[in-house]
Amino acid sequence: MNVYRKYFDNVFHLENTVMDNIKVKDSDAVAVNRVKDSHRNSTMKEESTKFLVKYRDRVYNISGFLNYHPGGKNTLLRFRDQILDKALTEHPHSKSAYYLLEEFAVQHQERYNECENLVNWDAPILWQVGFMGDRYWEWVNLPVNRPIRFFKSDILETLSITPWYVMPIVWLPVAMYLFYIGCILDVSTNIVIKLPRILLSFLVGFFIWSLVEYFVHRKVFHFKPPHNSKLLITLHFLFHGCHHKAPMDGRRLVFPPTFGLPVAAIVWHIYKMIFPSTVVSFIAAGTVMGYLSYDLMHYYLHNGAPKVGSYFYVMKRRHNYHHFLHHNQGFGVTSELWDRLLKTDLRLRKLDESLEW
């Protein structure tokens, strides 16, 4: 291991010698020494945050990937400053995993840039993907560690990005209002008599959402757009493709309310045509709460560190499999129910040790 450490030192710490070659006047010596000290402190701090590994004669700094590693941070910690060739041979990874690793290469990424050169990453992406044709499906399922910009307009771009905490701020009042409307609709009936109907209606709404969650994810979000349809390719990327392309972009893990509220208004009118007026508000409230649970859970599965044995631990593993190994399985985010019933469930590999994120 000391040999590897020496190798890393020789390659990446040459900049430490730069300041030593500066010739200065005596009157400037103190100032230059301060600059050198500051530079050394900055370099030491930077080096302490690096997590260097080597694979196939290339060096990677995976410090920014540790907490996102689908196989847990704890499985990587022992490989600091070591060569990964043997470990990756013994534990093969998916094509997506090796592709994502290239994002953390310390030097050039020419091994896979040919595919990324299909778009200009310095410009908004949304209007470019439609021109990729039959290369789009391959490209969108090869993940990168980059923020994605949709629009040139800063206003539109801001509206397309949503922090997770905005979701309960927006949707909890909506659910509470629907619940309130349902309660005051029939004031002549005793609340004790209405309570079973209220709870049952709310659960029906929650159940409806679980079904919608599965089928929208499977049939809409994972619908392979025709290679000659610029519109359908663009729409696919807008609604879900961007998430598979940049799964670590935390700005796009929840659906923006600017688009969600109009959809909710349409669904509300459909509900009113289908369900009796005495229960429609409770069913709608249950659906809203199901949707809110889905979005918050989806964010947590990407960024959280669930404990071993917990429900979230299993669901995080399933969702990681969906992203990096089996794109056509594991469509349920909040529940395994429909995946099991409809034969799209994932079989998780038995582990030698528990995962920690």
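**Exercise 1. Classify His93 and locate it in the chain.**

Task: State whether His93 is buried, partly exposed or exposed, and where it lies between helices.

Solution. Step 1: the relative accessibility of His93 is 39%, so this residue counts as partly exposed. The classes are set as follows: buried is under 20% relative accessible area, exposed is over 50%, and partly exposed is in between, with a 1.4 Å probe and protein chains only. The structure is a predicted model, in which local features need pLDDT of at least 70 and side-chain atom pairs count only at pLDDT 80 or more, whereas totals for chains, interfaces and linings use all residues. Residues are numbered from 1 along each chain as its sequence is written, and side-chain values use heavy atoms, with hydrogens and water left out.

Step 1: His93 sits in the loop between α3 and α4 (95-101). Helices are DSSP runs of H or I with at least four residues, strands are runs of E with at least two, and numbering starts from the N terminus.

Step 2: the side chain of His93 comes to 2.7 Å from the backbone oxygen of His91. This is a polar contact, a pair of N or O atoms within 3.5 Å; within protein, one atom must be able to donate a hydrogen and the other to accept it, and residues adjacent in sequence count only if both atoms are side-chain atoms.

**Exercise 2. Relate His93 to the annotated binding site.**

Task: Identify which residues carry the UniProt feature "binding site", and describe the surroundings of His69.

Solution. Step 1: an unreviewed UniProt entry gives this feature at His69 and His93. Across 25 residues of sequence they still cluster in space, with a largest C-alpha distance of 11.8 Å. Such annotations may be inferred rather than shown by experiment; feature names are shortened and positions follow the numbering used here.

Step 1: His69 occupies the loop between β2 (58-61) and α3 (85-90). Its relative accessible area is 11%, so His69 is buried.

Step 2: contacts (heavy atoms within 4.5 Å) are listed without residues up to four places away in sequence. On that basis His69 touches Thr75, Leu76, His93 and Trp357, while His93 touches His69, Leu88 and Tyr98.

**Exercise 3. Describe the largest cavity.**

Task: Give the volume of the largest cavity and the helix that supplies the largest share of its lining.

Solution. Step 1: on a 1 Å grid over the protein atoms alone, a cavity is a set of points where a 1.4 Å probe fits but cannot get out, and lining residues have an atom within 4 Å of a point. Grid points are joined across faces, edges and corners, and a volume is the space filled by probe spheres set on the points. The count is 4 cavities of 30 Å³ or more, and the largest holds about 90 Å³.

Step 1: residues lining the largest cavity include Phe65, Tyr68, Lys316 and Phe324. Helix α13 gives the largest share, 3 residues, and both α12 (280-303) and α13 (311-324) supply at least two.

Step 2: the lining has 7 nonpolar, 2 polar and 1 charged residues. Here Ala, Val, Leu, Ile, Met, Phe, Trp, Tyr, Cys and Pro are nonpolar, Asp, Glu, Lys and Arg are charged, and the others, Gly among them, are polar.

**Exercise 4. Survey the whole chain.**

Task: State how many helices and strands the protein chain has and what share of its residues is buried.

Solution. Step 1: the chain has 14 helices and 2 strands. Of its 357 residues, 42% are buried.

Step 1: the unreviewed UniProt entry lists four spans as "transmembrane region", among them residues 198-216 and 277-294. Residues 198-216 are 100% helix, with end C-alpha atoms 27 Å apart. Residues 277-294 are 83% helix, with end C-alpha atoms 26 Å apart.

Note on methods:
On a 1 Å grid over the protein atoms alone, a cavity is a set of points where a 1.4 Å probe fits but cannot get out, and a pocket is an open set with protein on both sides within 12 Å along at least five of seven lines; lining residues have an atom within 4 Å of a point.
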